[in-house]
Amino acid sequence: MNAQSESEPASPPAGAPVIERAAQRAPRRSWRTWLIGRPMPTRDAPHQTVGQLVGLAVFGADALSSIAYAPQETLVILAAAGPQALGYAFPISLIITALLAVVTISYQQTIHAYPNGGGAYTVALENLGVLPAQVAGAALLMDYILLAAVAISSGVAQIVSAFPALFPFRVPLSVVLLVLIMLANLRGVKESGALFALPTYFFLGMTTLTVGLGLWRYLTGALGGVVDPPALEVLHGAQPLTLFLLLRAFSNGTTALTGVECISNGVTAFKEPRTLNASRTMLWMSGILGVLFIGVTFLLGQIGAVPAETETVISQLARTVFGDRNLLYLGTIAATTIILVLATNTAFADFPRLTALIGGEGFLPRYFTYRGSRLVFTYGIVALTTIAGLLIIAFNASVTALIPLWAVGVFLSFTLSQAGMARHWWKIGRSTPGAEEAGAPRDPGWTWKLAVNGLGALCTAVVTAVFAVTKFADGAWIILLLLPAAVAAFFTINRNYQHVARDLSLDAFGQPPRTRRHRVLVPISGIHRGVLSALDYARTLSTDVTAVHIASDPAQGDQVRRLWKTWGDGVRLVVIDSPYRAFLEPFLDYIDTLSAHQQAYERLTIVVPQFVPEHWWHGLLHAQTAFWLRFALLHKQGIVIIEVPYQVDRDARNGPGSGDG
């Protein structure tokens, strides 16, 4: 037989049997079944898709809900220059709507070019490289986290506007609503989408009624102004009306564009033909958003609405249009609150997908790719809830305080996505006529598509720069620091996975080493049935078994020696005197001594007797020495740790010796 080359991996034995078996037992019902629904088999995953109507609710709630806070955040900045500056909000809204049209057209091309989900991360990874992709991924993750915090906080602000007595409780209200959205999403994308569709269309109906009636009353001269408006709130004191102030107001207003990209990220969640359904849903979403955003901003200027924490501008508009805090007013506030809370669902739909995608590439922990019992990415949903909840608590559920942290990441991801698409069309345009066979078909319209995505990249890059500069002092600096830190963490995680993969690789492994000597140690605190069970198991592993007793008390050591003569069954016993009554340290020193003289062909196994209490609370009555011993040995290289559990038999509680083991 020829010796196997060291560079050639060892082959498994020929004809090694493989037995196939399918699990037949369905998961048992539990409190989780009642809370999030019955577990679903993997084969149901293709059926968890949505159509255009439900898709608008799942992926469009984020963008549509911005109608409730983007106009107010524009007015907040303009208020610093006095009431006369509030009139600039309407021209700013027209510019933002034009930018919305550019971004929408750009993402239309992304949907058709990437039918498997063309978010900024995927587009940047395939066209710009790994580093830009991780920057885009970090920006998007922060965007979704802040979306959840801002949307929930804004929804609670609407509740507080209608019921001012709840103002001191806005933080706990926000956290409770966030947890409820988490539970709804743990039930699955299709089920949560169907649950949220009706409230989304209720909001669209009430907002359309408010804007339509408001415009009618304006045209007939019956609109009037806000009755008893709240006091005008000015951030950072009065300021002159300058270009810098207008740019700050513009950057705040561009939060209306947040969420536009969510549909392109979630193309795979749509029913077939998914690209067509996703494309049409985005067009409907952007059209509705643009019309209502312009209408709301225009009416706010006509009624003289003022930004305030105590009452939102939507509340002022609703009670002015409907005449009082009547049923229609309460319906508008309820609808706005619901859509803002449900806007969080967009983050819950896309954040877990993105963490699973990045985790699959090895830049986040791989457990983010795990699908739970309802075929959703459970770890991503829980992580989003936790981080967003901490942000709500840290910023006291203030929308104005959270907004500056938001849109930098949004428009940075826009820029990278559009730049990646521009490079995508450039590569297609430069491909040779014979490149179709190589997977790079030519597109006769690539020049026009390149121009559209190039314009989108330029516009969003300008907005990113404007936002970073104008909102730097208001909190954007936090994101500018967190983004590089997050990207650095991604690469650190990836390097760790690469190192582990290299260390575990079978390439150039040759024949696996064979253990020639197997030494087994059994730490014992006394002589009882649990110890005898562990010794019996240890003898099945090796004939080289050693029991080790740490004698912290001479009398106890003598008792162990005496009982060992009867129950030891020929196994050697090592008694280590411990005058300072320590257990772990002397035992670890003994293991270190053995490891120092251990040869490459030797294996050392520690068999630990593990007491299992009859009831969980009985564990509080025992020292849990086995747990701490396992914890101390876990990171020692070349040592195997085995626990042998033993339970106390109710019918036979008397046995040799005593001790917990």
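The model holds an open sheet of 5 strands, ordered E3-E2-E1-E4-E5 and paired in parallel, where strands are DSSP runs of E with at least two residues and helices are runs of H or I with at least four, both numbered from the N terminus, and pairing takes at least two DSSP bridges. E3 and E5 (639–647) sit at the edges with a single partner strand each, so one side of each has no neighbour in the sheet. From one strand to the next, the twist averages 25 degrees. This is a predicted model, with local features needing pLDDT of at least 70 and side-chain atom pairs pLDDT 80 or more, while totals for chains, interfaces and linings use all residues. Residues are numbered from 1 along each chain as its sequence is written, and side-chain values use heavy atoms, leaving out hydrogens and water.

At one end of that order, E2 (residues 544–551) and E3 (residues 572–577) run parallel and share 6 bridges. His549 has Val575 in E3 as its bridge partner, and Val548 stands opposite Val574 in E3. Together with helix H20 (residues 554–567), E2 and E3 form a right-handed β-α-β unit (clockwise from the first strand over the helix to the second, with the strands pointing away from the viewer). H20 lies across E1 (517–524), E2 and E3, at about 150 degrees to E2; axes are lines fitted to C-alpha atoms, for helices over the stretch in contact (heavy atoms within 4.5 Å), and angles between N-to-C directions run from 0 to 180 degrees.

Elsewhere, the axes of H2 (residues 52–65) and H13 (residues 327–360) come within 7 Å and cross at roughly 130 degrees. Residues making the contact include Phe59 of H2 and Leu342 of H13.
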